[in-house]
Amino acid sequence: MDLGFLRRAEQRFASRTAVAPDPGVVTALLQAQRAASAAARAEALLEEPKVADPIAEIVLGGSGWRRAVASQRGSFNSALAGQDDGN
């Protein structure tokens, strides 16, 4: 078997050097791959998304109005709703 093509390829590419991977790009690719995994998607289903403006969500009857009502804890005052009762 003639392996001359390997020697020609080695001679042709001998002057080239490998590029070092960029750590930021590698990290971003790994995070994207993890986010696309089945485990990450299942975990995302368990987490309740936060409602940006609960009062507006309740008044407009948006899709997250139930979460908005729960986050308000029966009060229209956002500062009061954020306090812990201690019970």
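1. Helices (H or I, at least four residues) and strands (E, at least two) are DSSP runs, numbered from the N terminus. By this definition the protein has 6 helices and 0 strands, and its elements run α-α-α-α-α-α from the N terminus on.

2. The model is predicted: local features need pLDDT of at least 70, side-chain atom pairs count only at pLDDT 80 or more, and totals for chains, interfaces and linings use all residues. Residues are numbered from 1 along each chain as its sequence is written, and side-chain values use heavy atoms, with hydrogens and water left out.

3. The predictor's confidence in each residue is given as pLDDT, from 0 to 100. The protein averages a pLDDT of 78, and 84% of the residues score at least 70. Confidence is highest in helix 2 (residues 23–35), at a mean of 86, and lowest in helix 6 (residues 78–82), at 65. Where pLDDT is low, the predicted coordinates should not be read in detail.

4. A residue is termed buried under 20% relative accessible area, exposed over 50%, and partly exposed in between (1.4 Å probe, protein chains only). Of the 87 residues in the protein, 8% are buried. Accessible areas come from the Shrake-Rupley method with a 1.4 Å probe; for residues, only the protein chains shown count as cover. The accessible surface of the protein comes to about 7800 Å², and carbon and sulfur atoms account for 58% of this surface.

5. Met1 is found in the segment before helix 1 (4–13). Met1 counts as exposed because its relative accessibility is 91%. Together with Leu3, Phe5 and Leu6, Met1 forms a nonpolar surface patch with about 480 Å² of accessible area.

6. Ser37 is found in the loop between helix 2 and helix 3 (38–46). With a relative accessible area of 28%, Ser37 is partly exposed. Its side chain reaches the backbone oxygen of Arg34 at 2.8 Å.

7. Ile58 lies in helix 4 (residues 54–60) and is partly exposed, at 27% relative accessible area. Apart from neighbours within four places in sequence, Ile58 is in contact (heavy atoms within 4.5 Å) with Trp65, Ala68, Val69 and Gln72. The C-alpha atoms of Ile58 and Gln72 are 9.9 Å apart in space, and the two residues are 14 residues apart in sequence.

Definitions and conventions:
Patch = residues over 30% accessible without salt bridge, like charges linked within 9 Å, V, L, I, M, F, W, Y side chains within 5 Å. Salt bridge = Lys/Arg side-chain N within 4 Å of Asp/Glu carboxyl O. Polar contact = N/O pair within 3.5 Å; in protein donor to acceptor, adjacent residues only side chain to side chain.
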